[in-house]
Amino acid sequence: MKKIDVLLLALLIIFSIISLFPIYWIVITALKVNSEIFTTPPVFFPTKITLSNFYTPGERFGEVAQTAFGSFPWMINSAVVAVLSSLIGTFFIGAPAAYALTRYLKNVWLARTVLFMMMIPEAALVIPFYVMIMRMNLINTWWGLILVYLSFIAPLSTWLLMGFFSEIPRSVEEAASIDGLSAYKIFFRISLPMAMPGIIVSIIVNFINAWNEFLYALVLTYTPFPTGSQTVPLFLTDFIVIEKTFAWGGLAAAGVIVMIPSIIIGLYAQKYLVKGWTMGAVKE
Amino acid sequence: MMSEVVIENVTKKFGSVVALDHINLTIRPGEFFVLLGPSGSGKTTLLRIIAGLEDVTEGSIYINGKKVNDVPPKDRDVAMVFQNYALYPHFTVYDNIALPLKVRGLSKDSIAQRVKEIAVRLHIEDLLNKKPRQLSGGQQQRVALARALVRNPSIFLLDEPLSNLDAKLRVEARTFLKGLQRDLGVTTIYVTHDQSEAMALATRIAVLNKGVLKQVGDPYELYSRPGDIFTAGFIGSPAMNMIPGKIVKANGSWRFVASDFTLELNNMNFSSEREAIMGIRPEHIIISDDGIGCTISTVEPMGSVTYITVNVGGTSLTVQYTGLAKLEPNATIKIKFAMDKILFYDKGTGKLITE
């Protein structure tokens, strides 16, 4: 191995440890007995393993609530909202917008506006969004959250897909136009399928972002399925304080449960993710 | 169907850059017409204008007498093969070839039959279920040809289709393409920067340089009487020898005075004395005992011929000798020009002035 390869490998190992350590930490915390959670110095290798944290009920408004395994009513809301908003944001907004911006409206400022939209902090928008969603009578509904999530999904999806569309050789589309396809058919039959790796990346990245989103969900929802649209990040808050003490064990156990879907999707999608991010990075 | 293409006074500007400058051309039905020029000559732009992929800034395009300036590519009944083949990577070879027919609403059976026919003709019938990325460059090129030819277009456009193939395959594909075009009889417009490809394929060639049409003619004409200095230098390999000098009249007869020799020009007539460039092809310089003395600088044996570079004073000339010449650098030989093959060009305008 060359010197640079060794260096690179070492850096990658360090980076992996930094990335993976929190996951390791939450998993062992979920499995630790209470006495080992709170010790100083911390215990990195628990001596006793327990599943009791998974059976510790959380607390809602001072009342005893569900255990970590009771996440289903929140999971279903998260799944519906994350799936629909990432699909709608990618297929109905991101892909057509990105295609138009790379093929027809080659306006740099328009493209940059898309980027600027991603820079606006959620905190600045949460109050106006609350008012809008309230007036639409969509508080505590799936569509209320989906509409608001599109505000960050659509720009990211557009920006990401612009890279993919600009890498499709013009000559392929020109060949299609000579072969007799109209502009719409070229988009649907040629360009969109050729950008499929990007479409998949956009769906997955946005799904994970929507799955993790906390602030809007906190403000716009207040009950779990079936009465409302509260999502899993809110489910976790039930475990922060139980019986007036910090309940790290229960919180960690609930955290482990809710990250499982993201991890499964992430593992499945990793080959697209690698290809997607590097490809999208080449061109503006 | 054989179609005629007329290009009338076509100008194309990209911003302030003039890509094509008042081009007039008629491409006859069934002809294999080659647009030849170096990169930046405007040849691909002209092809794209005929295809409908670019608009003209000025002028008109007619296909079979019908003005097509505002007709979109899909309605011009043209087919095109791109330099990078532009196959649809997510379709199989079969679907690539079938797409133009599907778009035109043919029945499934007749599509299958036509695809099969063209695939057999192009020897790709075993590849129909593969994806383009599984094919070699030569196979991809044939698929691109098949896709273009499957719907019997009235005009067949090719943009440097052989440039991505290796040298051996390129010569094979060239022969194949020429035979195919002759069999189909479809009007073909072919863009290349390779003069030997143009010579080998064309019924007629149009030479373009910097957006200006230099000359149109069959390969024989262009080779034997190039109309200007650019065409003379561009067509033929090795290139025509160019010797600067002056045409003067003395004692009632014309002569060419170069820096290192003087040539009596019997039987030639010029309108006036002037600065000129003498052009002579390597095969028209003969090694002869009664010629001009010169020194050999390099000898390149090619097998059937030998190229000998000689210096006449300060001028370097390439001589083509038929067969293998056993000559050494720095030796002295004498050369003579085949007087009836010499061409003279005006130094200022670059135009042919030999009558």
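In the contact between the two chains, 17 residues come from chain B and 13 residues from chain A. On the chain B side, strand 6 (78-81) and helix 2 (93-103) each supply at least two residues. By class, that side of chain B has 13 nonpolar, two polar and two charged residues. Please keep in mind that this is a predicted model.

Next, a helix pair in chain A. Helix 6, residues 142-167, packs against helix 9, residues 196-212, at an angle of about 155°, and their axes are 10 Å apart. Angles over 145 degrees count as roughly antiparallel, so helix 6 of chain A is roughly antiparallel to helix 9 of chain A. The crossing of these two helices is right-handed.

Which residues of helix 6 of chain A meet helix 9 of chain A? Among them are Y149(A), F152(A), I153(A), L156(A) and F164(A). From helix 9 of chain A, the partners include G198(A), V201(A), V205(A) and N209(A). The contact of the two helices has 10 nonpolar and five polar residues, with no charged ones.

Last, a sheet in chain B. Four strands make up this open sheet, in the order 17-16-15-18, and their pairing is antiparallel. Strand 17 (315-322) and strand 18 (332-337) of chain B are the edge strands, each pairing on one side only. On average, neighbouring strands here are turned by 55° against each other, direction ignored.

Strand 15 of chain B, residues 285-301, is joined to strand 18 of chain B by seven bridges, and the two run antiparallel. To locate one of these on your screen, take I285(B): its bridge partner in strand 18 of chain B is F337(B).

Definitions and conventions
Residues are numbered from 1 along each chain as its sequence is written. Chains are lettered from A and ligands numbered from 1 in the order in which they are written. This is a predicted model: local features need pLDDT of at least 70, side-chain atom pairs count only at pLDDT 80 or more; totals for chains, interfaces and linings use all residues. Two strands pair if DSSP finds at least two bridges between them. Axes are lines fitted to C-alpha atoms, for helices over the stretch in contact, and angles run from 0 to 180 degrees between N-to-C directions. Two residues are in contact if their C-beta atoms, placed from the backbone, lie within 7 Å. Ala, Val, Leu, Ile, Met, Phe, Trp, Tyr, Cys and Pro count as nonpolar, Asp, Glu, Lys and Arg as charged, and the others, Gly among them, as polar. Angles under 35 degrees count as roughly parallel, over 145 as roughly antiparallel, 65 to 115 as roughly perpendicular and the rest as oblique. A crossing is left-handed if the near helix is turned anticlockwise from the far one by less than a right angle, and right-handed if clockwise.
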